[in-house]
Amino acid sequence: MSHPMSRPSWVVRAARNRTMHISIDQAIEIHAKSAISLGGSRAEKSTRERAEHCRTRGDTDGYETWTKVADTIRTLKQSGYKSSRNFR
């Protein structure tokens, strides 16, 4: 089963029916920053749990993608990234 994030690029529908093309790397960074904003200190752990859930269900693409998101969370935090908004 292919994970939707395994596509080479995303098309995002914005307000007023405009579209924006983003790469998979951009999508991963957006998800990582969102996870930090929403999950705080648990962001990396919960994302790795999601990756593991995909792996146990046989979703290799999902596992690889969520692992990249978790790795990006770690990199962002190590570089001192702080979310401008925290929802926790």
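Student: In which helix does L38 lie, and what makes a stretch count as a helix?
Tutor: The place of L38 is in helix α1. A helix is a DSSP run of H or I with at least four residues, while a strand is a run of E with at least two, and numbering starts from the N terminus. The structure is a predicted model, in which local features need pLDDT of at least 70 and side-chain atom pairs count only at pLDDT 80 or more, whereas totals for chains, interfaces and linings use all residues. Residues are numbered from 1 along each chain as its sequence is written, and side-chain values use heavy atoms, with hydrogens and water left out.

Student: Why is L38 called partly exposed?
Tutor: Buried means under 20% relative accessible area, exposed means over 50%, and partly exposed is what lies in between (1.4 Å probe, protein chains only). L38 has a relative accessible area of 48%, so the term partly exposed applies.

Student: Is S37 buried or exposed, and how do you know?
Tutor: S37, in helix α1, has a relative accessibility of 12%, and therefore counts as buried. S37 and S83 are 46 residues apart in sequence, yet their C-alpha atoms are 5.6 Å apart in space. For L38 and S83, the separation is 45 residues in sequence and 9.3 Å from C-alpha to C-alpha.

Student: What makes H53 neither buried nor exposed?
Tutor: H53 is found in helix α2. Its relative accessible area is 46%, so H53 is partly exposed. H53 and W66 stand 13 residues apart in sequence and 9.9 Å apart in space, C-alpha to C-alpha.

Student: What makes a group of residues a nonpolar core, and which residues form the largest one?
Tutor: A nonpolar core is a set of buried Ala, Val, Leu, Ile, Met, Phe, Trp, Tyr and Cys residues joined through side-chain atoms within 4.5 Å. The largest such core has 11 residues: I28, A32, A35, I36, A43, A51, C54, W66, V69, I73 and L76. At least two of the residues in this core come from each of α1, α2 and α3.

Student: How do you know which residues A32 is in contact with?
Tutor: Contact means heavy atoms within 4.5 Å. Neighbours within four places in sequence being left aside, A32 is in contact with V69, T72, I73 and L76.

Student: What makes an open space a pocket, and which residues lie nearest the centre of the largest pocket?
Tutor: On a 1 Å grid over the protein atoms alone, a pocket is an open set of points where a 1.4 Å probe fits, with protein on both sides within 12 Å along at least five of seven lines; lining residues have an atom within 4 Å of a point. The largest pocket has 13 lining residues, and A35, L38, S46, T47 and R50 lie nearest its centre. Two or more lining residues come from each of α1 (24–39), α2 (43–56) and α3 (60–78). The most, 5 residues, come from α1.

Student: How many helices and strands does the chain have, and in what order do the elements run?
Tutor: The chain has 3 helices and 2 strands, in the order β-β-α-α-α from the N terminus on. Of its 88 residues, 28% count as buried.
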